[in-house]
Amino acid sequence: MEITRIRAGELSEQAVDGILAEVLDFDTLINRGSGLGEDFDPLPAEVRRQLSSVNDYLTHTTWIGRLGGMIVAKGLAYLPLSDNIDVADLWCAVHPAYRRQGLGSRLLQVMEEEMRAAGRTRLSSYCELPPTVRDAAPQGAHIAAGSGFGSLPSAQPDVAFLAGRGYSFRQLERCSVARVGGEATGDGPAGADEDPADREDGYVIETWQGPTPEHRLEQIAVLHQKMSTDTPGAAEFGDEEKWDAARVRVLDAERAEKREIVSTALALRGEEAAGFTEVAHFADRPEIGWQGSTLVAREHRGHGLGARLKIANHARLGADSSVERVYTWNAVENTWMLAINDAAGFATWAWVGLWKKNLA
Ligand SMILES: CC(C)(COP(=O)(O)OP(=O)(O)OC[C@H]1O[C@@H](n2cnc3c(N)ncnc32)[C@H](O)[C@@H]1OP(=O)(O)O)[C@@H](O)C(=O)NCCC(=O)NCCS
């Protein structure tokens, strides 16, 4: 197998155009084989960005493996640039007809060697299993998550692959999906049509779509920074990120480049940021929403803000977008967040294993 490395930004636009369709076809083939469904098919603007765009905070490296000119394997690394510069999040996939021939191991080895040479020794990866796959062999051997919550069947190809390459299974996440507007029970602390001004606890919820309004950049930066420390298991996968208004602006610009539109609900007490939640959708597939960050700052927990934020944001999505369903990911030990999601009508769609390996 001939492996080519592509660092984001090093190919000309024409060269990216020349391979984009082929890479998309490969990614689509892999996704169709995963059982996760067509909603998870790759989006051209996202793959283009992974191949071509760098900013001060994040870049990507892609590896393409070919046999007889045809793509048979692909690897991708997410590489933070301003903090956590020794971290790399890696993923690789092999064409279904070429598996169990050592190609995955060979590609991952090349990826790891290049990461090590670049000083990136804290590696993470992930695997995604539809519930039918995880539930198929309840009696078989399982690997327990290091978090102490949840397990994955050891015989699954991706589980066996990562475990066999020295990765340690740290955390299990539940990916779940809900229809927007349809099935929310309103059992949370507030209904979708709450008027925050009527409440006596002093919290106000604002919602918007698209880039962060100029006067909210600082609050959103504070909350993104807390996301890197105040969520279950955050310390496992990296150190505190540094966020300021400039970084939020760059994130918004990057989202615009991917044709990604984000709906945000922000909870404020006075001018103090208490929590936020984000749901993204892509102009190229506008009926699907992707839950992004949700956080209530520690000192503001216990006021039902998580549910109020989600319900307000979903109401806004229902009114102002064509999003029909939203996917979300939560650590299984985050029972508080799962309870909020269950109340909002979410049902399990997949199980996601988070893995790490230290090369140091
Ligand atoms: C996981 C994946 C990349 C493995 O690629 P591959 O080329 O088949 O992997 P290899 O041939 O190098 O296998 C290496 C080891 O992984 C384990 N493994 C791989 N596939 C397996 C399977 N179907 N059943 C059990 N173990 C398996 C075995 O230990 C194997 O060693 P062995 O063949 O000597 O027993 C491939 O199945 C794939 O593309 N899956 C979809 C993408 C994905 O899940 N990626 C997550 C990992 S980053």
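Me: Why is the pair of Asp17 and Arg48 called a salt bridge?

Reply: A salt bridge is a side-chain nitrogen of Lys or Arg within 4 Å of a carboxyl oxygen of Asp or Glu, and the closest N and O atoms of Asp17 and Arg48 are 2.9 Å apart, so the pair meets the rule. Asp17 lies in helix α1 (residues 13-34) and Arg48 in helix α2, so the pair ties together parts that are 31 residues apart in sequence; helices here are DSSP runs (H or I) of at least four residues, numbered from the N terminus. The structure holds 29 salt bridges.

Me: What do these values rest on?

Reply: This is a predicted model, in which local features need pLDDT of at least 70 and side-chain atom pairs count only at pLDDT 80 or more, while totals for chains, interfaces and linings use all residues. Residues are numbered from 1 along each chain as its sequence is written, and side-chain values use heavy atoms, with hydrogens and water left out.

Me: What makes domain 1 and domain 2 count as being in contact?

Reply: The domain assignment, automatic or from a database, gives domain 1 (1-120) and domain 2 (181-323), whose C-alpha centres lie 30 Å apart. Contact means heavy atoms within 4.5 Å, and 17 residues of domain 1 are in contact with 18 residues of domain 2.

Me: Which salt bridges does the rule find across this interface, and how many?

Reply: The rule finds three salt bridges across the interface of domain 1 and domain 2. Elsewhere in the list of pairs, Glu254 forms a salt bridge with Arg49, with the closest N and O atoms 2.6 Å apart. Helix α2 (residues 44-52) gives the most to the side of domain 1 that touches domain 2, with three residues.

Conventions:
Helix = DSSP H or I, 4+ residues; strand = E, 2+ residues; numbered from the N terminus.
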